[in-house]
Amino acid sequence: PKLNIVILYGGKTGEHQVSRVSAGSVIRNIDRSRYKLLLVGIDEEGVWHLQDETELEKVIAGSDPEIQPGNEVNAMPGRGLGVNGKLLKIDLVFPVLHGTFGEDGTVQGFLEMIGLPYAGAGVLASAFGMDKVKAKELWRKEGLSVVPFIRYSRQDHEAQEVTPEVLFTRWSSELGAPFFVKPCRAGSSVGISKVRRPEQLAQALDTAFHFDNDLLIETSINAREIECSVLGNREIRSFPPGEVISSHDFYDYSGKYLDPKGARLEIPADLSPASTQRIRNMAEEAFKALGGQGLARVDFFVDRDSGSIFINEVNTMPGFTSISMYPKMCEAGGLSYRELLNELIRLGLERHSERS
Ligand code: ATP
Ligand code: MG
Ligand code: MG
Ligand code: MG
(Lines give C-alpha, C1' and ligand atoms only; values in the text may rest on other atoms or scores of the structure.)
(Ligands and ions follow the chains in the order given, each with its own letter.)
Protein backbone atom coordinates (compact mmCIF):
# COMPACT_ATOMS: atom_id res chain seq x y z
CA PRO A 1 0.00 0.00 0.00
CA LYS A 2 1.09 3.56 -0.62
CA LEU A 3 2.36 5.71 2.23
CA ASN A 4 0.25 8.81 2.91
CA ILE A 5 2.52 11.83 2.77
CA VAL A 6 1.49 15.38 3.63
CA ILE A 7 3.31 18.03 1.63
CA LEU A 8 3.29 21.15 3.80
CA TYR A 9 4.06 24.47 2.10
CA GLY A 10 3.64 28.25 2.24
CA GLY A 11 3.81 29.51 5.80
CA LYS A 12 3.97 32.66 7.86
CA THR A 13 7.44 33.60 6.67
CA GLY A 14 9.41 35.94 4.43
CA GLU A 15 9.98 32.86 2.25
CA HIS A 16 6.33 31.93 1.62
CA GLN A 17 6.61 32.14 -2.18
CA VAL A 18 9.91 30.29 -2.31
CA SER A 19 8.32 27.45 -0.33
CA ARG A 20 5.49 27.13 -2.87
CA VAL A 21 8.00 26.82 -5.70
CA SER A 22 10.04 24.20 -3.78
CA ALA A 23 6.87 22.26 -2.91
CA GLY A 24 5.72 22.24 -6.55
CA SER A 25 8.96 20.62 -7.51
CA VAL A 26 8.76 18.01 -4.73
CA ILE A 27 5.19 17.16 -5.74
CA ARG A 28 6.10 16.71 -9.41
CA ASN A 29 9.20 14.60 -8.72
CA ILE A 30 8.18 12.38 -5.83
CA ASP A 31 7.45 8.75 -6.71
CA ARG A 32 3.65 8.76 -6.80
CA SER A 33 3.56 4.98 -7.29
CA ARG A 34 4.87 4.74 -3.70
CA TYR A 35 3.24 7.72 -2.02
CA LYS A 36 -0.24 9.16 -1.90
CA LEU A 37 0.07 12.92 -1.52
CA LEU A 38 -2.06 15.20 0.63
CA LEU A 39 -1.41 18.89 0.03
CA VAL A 40 -1.64 21.19 3.03
CA GLY A 41 -1.00 24.88 2.40
CA ILE A 42 -0.26 27.29 5.24
CA ASP A 43 -1.50 30.79 4.47
CA GLU A 44 0.30 33.99 5.41
CA GLU A 45 -1.68 34.21 8.66
CA GLY A 46 -0.49 30.71 9.59
CA VAL A 47 -3.80 28.87 9.00
CA TRP A 48 -3.50 25.35 7.54
CA HIS A 49 -5.75 24.39 4.59
CA LEU A 50 -6.16 20.90 3.13
CA GLN A 51 -6.27 21.08 -0.68
CA ASP A 52 -8.47 18.92 -2.85
CA GLU A 53 -7.46 16.54 -5.69
CA THR A 54 -7.91 19.22 -8.35
CA GLU A 55 -5.17 21.32 -6.74
CA LEU A 56 -2.84 18.30 -6.81
CA GLU A 57 -3.66 17.74 -10.50
CA LYS A 58 -2.89 21.38 -11.30
CA VAL A 59 0.49 21.17 -9.60
CA ILE A 60 1.35 17.94 -11.39
CA ALA A 61 0.49 19.73 -14.63
CA GLY A 62 3.07 22.37 -13.77
CA SER A 63 1.73 25.20 -11.61
CA ASP A 64 2.94 26.18 -8.14
CA PRO A 65 0.63 24.97 -5.37
CA GLU A 66 -2.00 27.50 -4.28
CA ILE A 67 -3.62 27.75 -0.89
CA GLN A 68 -7.38 27.43 -1.40
CA PRO A 69 -9.43 28.02 1.76
CA GLY A 70 -12.29 25.67 2.65
CA ASN A 71 -10.96 22.76 4.63
CA GLU A 72 -9.09 24.02 7.67
CA VAL A 73 -6.75 21.49 9.22
CA ASN A 74 -6.89 21.02 13.01
CA ALA A 75 -4.35 19.57 15.39
CA MET A 76 -5.42 16.48 17.31
CA PRO A 77 -2.62 16.15 19.88
CA GLY A 78 -1.29 12.63 20.23
CA ARG A 79 -3.31 11.51 17.21
CA GLY A 80 -2.34 13.68 14.29
CA LEU A 81 -4.17 16.10 12.03
CA GLY A 82 -7.85 16.27 11.20
CA VAL A 83 -10.42 18.16 9.18
CA ASN A 84 -13.81 18.86 10.80
CA GLY A 85 -12.92 16.57 13.69
CA LYS A 86 -12.15 13.68 11.35
CA LEU A 87 -8.63 12.25 11.64
CA LEU A 88 -6.59 12.22 8.42
CA LYS A 89 -4.64 9.07 7.62
CA ILE A 90 -1.02 10.25 7.53
CA ASP A 91 2.25 8.31 7.58
CA LEU A 92 4.62 11.26 7.39
CA VAL A 93 4.61 15.03 7.01
CA PHE A 94 7.10 16.59 4.62
CA PRO A 95 7.52 20.24 5.59
CA VAL A 96 8.75 22.04 2.47
CA LEU A 97 8.90 25.26 4.47
CA HIS A 98 11.69 27.80 4.60
CA GLY A 99 12.51 30.30 7.35
CA THR A 100 10.46 31.20 10.41
CA PHE A 101 7.71 28.80 11.53
CA GLY A 102 9.04 26.16 9.18
CA GLU A 103 12.77 25.77 9.24
CA ASP A 104 13.28 26.95 12.82
CA GLY A 105 12.08 24.04 14.94
CA THR A 106 8.58 25.35 15.58
CA VAL A 107 6.72 23.14 13.09
CA GLN A 108 9.03 20.26 14.03
CA GLY A 109 8.07 20.63 17.73
CA PHE A 110 4.41 20.86 16.78
CA LEU A 111 4.62 17.63 14.76
CA GLU A 112 6.39 15.88 17.65
CA MET A 113 3.57 16.93 19.97
CA ILE A 114 0.77 15.80 17.70
CA GLY A 115 2.67 12.55 17.15
CA LEU A 116 3.44 12.55 13.43
CA PRO A 117 6.74 11.53 11.77
CA TYR A 118 8.26 14.21 9.56
CA ALA A 119 11.08 14.61 7.06
CA GLY A 120 14.07 16.83 7.72
CA ALA A 121 16.00 18.09 10.72
CA GLY A 122 14.56 17.80 14.22
CA VAL A 123 13.69 20.53 16.71
CA LEU A 124 17.17 21.28 18.02
CA ALA A 125 19.12 21.41 14.76
CA SER A 126 16.36 23.40 13.07
CA ALA A 127 16.28 25.98 15.86
CA PHE A 128 20.05 26.22 16.11
CA GLY A 129 20.50 26.34 12.37
CA MET A 130 18.01 29.16 12.02
CA ASP A 131 19.78 31.32 14.61
CA LYS A 132 22.91 32.53 12.87
CA VAL A 133 24.48 33.86 16.09
CA LYS A 134 23.81 30.74 18.19
CA ALA A 135 25.07 28.48 15.40
CA LYS A 136 28.27 30.48 14.99
CA GLU A 137 28.93 30.54 18.73
CA LEU A 138 28.57 26.77 18.81
CA TRP A 139 30.80 26.15 15.79
CA ARG A 140 33.45 28.48 17.17
CA LYS A 141 33.49 26.43 20.39
CA GLU A 142 33.88 23.28 18.29
CA GLY A 143 36.92 24.77 16.57
CA LEU A 144 35.23 25.41 13.21
CA SER A 145 36.07 28.80 11.69
CA VAL A 146 33.40 31.43 11.33
CA VAL A 147 33.55 35.04 10.14
CA PRO A 148 33.96 37.71 12.88
CA PHE A 149 30.55 39.04 13.94
CA ILE A 150 28.72 41.11 16.53
CA ARG A 151 25.21 40.48 17.86
CA TYR A 152 23.06 43.59 17.97
CA SER A 153 19.52 43.59 19.39
CA ARG A 154 16.62 46.00 19.13
CA GLN A 155 17.07 46.62 22.85
CA ASP A 156 20.70 47.64 22.30
CA HIS A 157 19.54 49.84 19.46
CA GLU A 158 16.88 51.60 21.48
CA ALA A 159 19.28 52.13 24.37
CA GLN A 160 21.92 53.61 22.04
CA GLU A 161 22.23 57.34 22.09
CA VAL A 162 24.49 57.29 19.05
CA THR A 163 23.97 58.20 15.42
CA PRO A 164 24.37 55.64 12.61
CA GLU A 165 27.59 57.47 11.70
CA VAL A 166 29.06 56.71 15.10
CA LEU A 167 27.87 53.09 14.90
CA PHE A 168 29.44 52.80 11.47
CA THR A 169 32.77 54.04 12.81
CA ARG A 170 32.59 51.61 15.73
CA TRP A 171 31.69 48.57 13.64
CA SER A 172 33.99 49.30 10.74
CA SER A 173 36.93 49.66 13.12
CA GLU A 174 36.06 46.32 14.71
CA LEU A 175 35.02 44.35 11.61
CA GLY A 176 36.39 46.36 8.70
CA ALA A 177 34.29 47.91 5.94
CA PRO A 178 32.21 46.99 4.11
CA PHE A 179 30.32 44.81 6.59
CA PHE A 180 27.07 42.85 6.41
CA VAL A 181 23.91 43.58 8.42
CA LYS A 182 21.57 40.58 8.68
CA PRO A 183 18.51 39.48 10.60
CA CYS A 184 19.65 36.75 13.00
CA ARG A 185 16.86 34.39 11.86
CA ALA A 186 15.81 34.60 8.21
CA GLY A 187 16.75 33.22 4.83
CA SER A 188 16.78 33.76 1.06
CA SER A 189 18.84 36.90 1.79
CA VAL A 190 15.73 38.76 2.96
CA GLY A 191 16.63 41.73 5.13
CA ILE A 192 20.37 41.53 4.34
CA SER A 193 22.48 44.55 3.32
CA LYS A 194 26.12 45.14 2.55
CA VAL A 195 27.09 48.43 4.14
CA ARG A 196 29.96 50.40 2.61
CA ARG A 197 29.27 53.94 3.75
CA PRO A 198 27.90 55.48 6.96
CA GLU A 199 24.81 56.87 5.23
CA GLN A 200 23.71 53.33 4.25
CA LEU A 201 23.56 52.06 7.80
CA ALA A 202 20.24 53.49 9.04
CA GLN A 203 18.37 51.89 6.13
CA ALA A 204 20.21 48.60 6.56
CA LEU A 205 19.25 48.44 10.25
CA ASP A 206 15.61 49.26 9.47
CA THR A 207 15.45 46.56 6.81
CA ALA A 208 16.97 43.91 9.04
CA PHE A 209 14.87 44.85 12.10
CA HIS A 210 11.77 44.39 9.95
CA PHE A 211 12.50 40.62 10.01
CA ASP A 212 13.99 40.05 13.45
CA ASN A 213 14.67 41.76 16.77
CA ASP A 214 18.22 40.38 16.79
CA LEU A 215 20.79 41.21 14.15
CA LEU A 216 24.17 40.01 13.13
CA ILE A 217 26.81 42.51 12.00
CA GLU A 218 29.53 40.66 10.16
CA THR A 219 32.87 41.19 8.41
CA SER A 220 32.49 41.06 4.64
CA ILE A 221 34.72 38.43 3.11
CA ASN A 222 35.91 38.69 -0.48
CA ALA A 223 35.16 35.08 -1.09
CA ARG A 224 34.06 32.28 -3.32
CA GLU A 225 30.75 30.87 -2.10
CA ILE A 226 30.85 27.11 -1.73
CA GLU A 227 27.94 24.99 -0.55
CA CYS A 228 27.79 21.36 0.54
CA SER A 229 24.84 18.98 0.95
CA VAL A 230 24.71 16.66 3.95
CA LEU A 231 22.19 13.87 4.54
CA GLY A 232 21.57 11.30 7.26
CA ASN A 233 20.48 10.67 10.84
CA ARG A 234 23.28 9.03 12.79
CA GLU A 235 25.53 8.34 9.81
CA ILE A 236 26.02 11.63 8.01
CA ARG A 237 27.08 11.64 4.37
CA SER A 238 28.20 14.62 2.35
CA PHE A 239 28.18 15.28 -1.40
CA PRO A 240 30.55 17.05 -3.79
CA PRO A 241 30.48 20.78 -2.99
CA GLY A 242 29.14 23.30 -5.49
CA GLU A 243 29.90 26.95 -6.11
CA VAL A 244 27.51 29.87 -6.47
CA ILE A 245 28.82 32.52 -8.83
CA SER A 246 26.65 35.56 -8.32
CA SER A 247 26.52 38.35 -10.89
CA HIS A 248 25.10 40.77 -8.31
CA ASP A 249 26.96 42.69 -5.62
CA PHE A 250 26.24 39.65 -3.41
CA TYR A 251 23.91 36.63 -3.63
CA ASP A 252 20.76 38.61 -2.82
CA TYR A 253 17.05 37.74 -3.05
CA SER A 254 16.75 38.88 -6.64
CA GLY A 255 19.86 36.96 -7.68
CA LYS A 256 18.37 33.86 -6.07
CA TYR A 257 14.83 33.99 -7.43
CA LEU A 258 14.00 36.89 -9.71
CA ASP A 259 16.87 37.48 -12.09
CA PRO A 260 17.48 34.42 -14.29
CA LYS A 261 21.05 35.62 -14.85
CA GLY A 262 21.56 36.48 -11.17
CA ALA A 263 23.69 33.49 -10.38
CA ARG A 264 25.38 30.53 -11.95
CA LEU A 265 25.83 27.24 -10.12
CA GLU A 266 28.95 25.22 -10.75
CA ILE A 267 28.70 21.61 -9.58
CA PRO A 268 31.07 20.24 -8.58
CA ALA A 269 33.01 23.35 -7.60
CA ASP A 270 36.47 23.75 -9.06
CA LEU A 271 38.48 23.02 -5.91
CA SER A 272 41.60 21.00 -5.16
CA PRO A 273 40.92 17.49 -3.84
CA ALA A 274 42.29 18.60 -0.47
CA SER A 275 39.95 21.62 -0.23
CA THR A 276 37.02 19.49 -1.35
CA GLN A 277 37.72 16.96 1.38
CA ARG A 278 38.21 19.65 3.98
CA ILE A 279 34.92 21.34 3.10
CA ARG A 280 33.03 18.04 3.15
CA ASN A 281 34.48 17.18 6.56
CA MET A 282 33.64 20.63 7.93
CA ALA A 283 30.09 20.33 6.56
CA GLU A 284 29.58 16.98 8.29
CA GLU A 285 31.08 18.29 11.54
CA ALA A 286 29.03 21.48 11.47
CA PHE A 287 25.84 19.45 11.01
CA LYS A 288 26.76 16.98 13.75
CA ALA A 289 27.61 19.83 16.13
CA LEU A 290 24.00 21.02 15.81
CA GLY A 291 22.65 17.52 16.45
CA GLY A 292 21.49 17.45 12.84
CA GLN A 293 19.24 14.79 11.33
CA GLY A 294 17.73 14.56 7.89
CA LEU A 295 19.38 17.12 5.67
CA ALA A 296 21.14 20.45 5.51
CA ARG A 297 22.96 22.60 3.05
CA VAL A 298 26.08 23.97 4.70
CA ASP A 299 27.30 27.25 3.17
CA PHE A 300 30.95 28.32 3.17
CA PHE A 301 33.13 31.26 2.23
CA VAL A 302 36.56 30.54 0.78
CA ASP A 303 38.62 33.71 1.09
CA ARG A 304 40.00 34.68 -2.34
CA ASP A 305 43.17 36.13 -0.85
CA SER A 306 44.13 33.81 1.98
CA GLY A 307 42.28 30.64 0.94
CA SER A 308 40.83 30.41 4.48
CA ILE A 309 37.57 28.48 4.75
CA PHE A 310 34.75 29.86 6.92
CA ILE A 311 31.36 28.32 7.64
CA ASN A 312 28.70 30.90 6.85
CA GLU A 313 25.51 29.11 7.85
CA VAL A 314 23.36 25.99 7.55
CA ASN A 315 19.96 25.73 5.95
CA THR A 316 18.00 22.77 7.29
CA MET A 317 15.37 23.17 4.57
CA PRO A 318 17.31 24.67 1.68
CA GLY A 319 15.77 25.72 -1.63
CA PHE A 320 14.36 22.50 -2.99
CA THR A 321 13.39 22.96 -6.61
CA SER A 322 14.85 20.45 -9.05
CA ILE A 323 17.34 23.12 -10.15
CA SER A 324 18.26 24.18 -6.60
CA MET A 325 21.73 23.71 -5.25
CA TYR A 326 20.90 21.09 -2.58
CA PRO A 327 19.33 18.43 -4.84
CA LYS A 328 21.78 19.25 -7.65
CA MET A 329 24.77 18.54 -5.42
CA CYS A 330 23.18 15.26 -4.29
CA GLU A 331 22.68 14.37 -7.93
CA ALA A 332 26.36 15.08 -8.64
CA GLY A 333 27.12 12.57 -5.87
CA GLY A 334 24.93 9.92 -7.51
CA LEU A 335 21.62 10.44 -5.69
CA SER A 336 18.79 11.47 -8.01
CA TYR A 337 16.10 13.94 -6.89
CA ARG A 338 13.55 11.14 -6.68
CA GLU A 339 15.88 8.89 -4.66
CA LEU A 340 16.71 11.82 -2.41
CA LEU A 341 13.01 12.26 -1.61
CA ASN A 342 12.71 8.51 -0.85
CA GLU A 343 15.71 8.77 1.44
CA LEU A 344 14.37 11.80 3.33
CA ILE A 345 11.07 10.00 3.92
CA ARG A 346 12.92 6.89 5.08
CA LEU A 347 15.09 8.93 7.47
CA GLY A 348 12.02 10.68 8.92
CA LEU A 349 10.26 7.36 9.56
CA GLU A 350 13.42 5.87 11.05
CA ARG A 351 13.85 8.72 13.54
CA HIS A 352 10.20 8.47 14.57
CA SER A 353 10.32 4.74 15.15
CA GLU A 354 13.48 5.10 17.23
CA ARG A 355 11.84 7.70 19.46
CA SER A 356 8.45 6.13 20.08
P1 ATP B 1 19.91 31.42 2.36
O2 ATP B 1 18.99 31.74 1.21
O3 ATP B 1 21.11 30.67 1.90
O4 ATP B 1 19.22 30.85 3.53
P5 ATP B 1 20.43 33.69 4.15
O6 ATP B 1 19.31 34.66 4.03
O7 ATP B 1 20.41 32.78 5.31
O8 ATP B 1 20.53 32.86 2.79
P9 ATP B 1 23.31 34.32 4.12
O10 ATP B 1 23.61 33.06 3.40
O11 ATP B 1 23.90 34.51 5.47
O12 ATP B 1 21.74 34.59 4.18
O13 ATP B 1 23.76 35.56 3.22
C14 ATP B 1 23.24 35.74 1.92
C15 ATP B 1 24.33 36.12 0.96
O16 ATP B 1 24.94 37.35 1.37
C17 ATP B 1 25.48 35.14 0.89
O18 ATP B 1 25.18 34.08 0.02
C19 ATP B 1 26.60 36.05 0.37
O20 ATP B 1 26.47 36.32 -1.02
C21 ATP B 1 26.34 37.33 1.11
N22 ATP B 1 27.06 37.37 2.39
C23 ATP B 1 26.53 37.15 3.60
N24 ATP B 1 27.44 37.28 4.57
C25 ATP B 1 28.61 37.59 3.97
C26 ATP B 1 29.92 37.86 4.43
N27 ATP B 1 30.22 37.84 5.73
N28 ATP B 1 30.88 38.14 3.50
C29 ATP B 1 30.58 38.16 2.18
N30 ATP B 1 29.35 37.91 1.69
C31 ATP B 1 28.36 37.65 2.56
MG1 MG C 1 20.18 30.71 5.34
MG1 MG D 1 17.69 29.51 3.87
MG1 MG E 1 22.98 31.32 2.61
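This report covers the metal site, salt bridges and a charged surface patch of a predicted model.

Asp299 sits in strand S16 (residues 294-303) and Glu313 in strand S17 (residues 309-315), 14 residues apart. Glu313 also bridges to the magnesium ion (ligand 2); the two ions lie 4.0 Å apart. Asp299 is buried, at 6% relative accessible area. Glu313 is buried too, at 12%.

**Salt bridges**

The count comes to 21 salt bridges.

| Pair | N to O distance |
|---|---|
| Lys134 and Glu137 | 3.9 Å |
| Asp212 and Arg185 | 2.7 Å |
| Glu343 and Arg346 | 3.0 Å |

Lys134 and Glu137 lie three residues apart in helix H5 (residues 132-141), about one turn of the helix. Lys134 is partly exposed at 39% relative accessibility, and Glu137 is partly exposed at 29%.

Glu343 and Arg346 are three residues apart in helix H12, so about one helical turn separates them. Glu343 is buried at 19%, whereas Arg346 is partly exposed at 41%. Elsewhere, salt bridges with shared partners join Asp131, Arg151, Arg185, Asp212 and Asp214 into one network.

Arg185 is partly exposed at 29%.

**Surface patch**

Lys2, Arg32, Lys36 and Arg338 form a positive surface patch. Arg338 belongs to helix H12 (residues 337-355). Its relative accessible area is 40%, so Arg338 counts as partly exposed.

How values were computed: Residues are numbered from 1 along each chain as its sequence is written. Chains are lettered from A and ligands numbered from 1 in the order in which they are written. This is a predicted model: local features need pLDDT of at least 70, side-chain atom pairs count only at pLDDT 80 or more; totals for chains, interfaces and linings use all residues. Side-chain values use heavy atoms; hydrogens and water are left out. Patches are made of residues with over 30% relative accessible area and no salt bridge: like charges are joined within 9 Å, nonpolar side chains (Val, Leu, Ile, Met, Phe, Trp, Tyr) within 5 Å. Accessible areas come from the Shrake-Rupley method with a 1.4 Å probe; for residues, only the protein chains shown count as cover. A salt bridge is a side-chain nitrogen of Lys or Arg within 4 Å of a carboxyl oxygen of Asp or Glu. Lys and Arg count as positive and Asp and Glu as negative; His and the chain ends are not counted. The place of a charge is taken as NZ of Lys, CZ of Arg, CG of Asp or CD of Glu. Helices (H or I, at least four residues) and strands (E, at least two) are DSSP runs, numbered from the N terminus. Buried means under 20% relative accessible area, exposed over 50%, partly exposed in between (1.4 Å probe, protein chains only). Donors are N, O and S atoms within 2.8 Å of the metal (3.2 Å for Na, K and Ca); water is not among the atoms, so sites may look incomplete.
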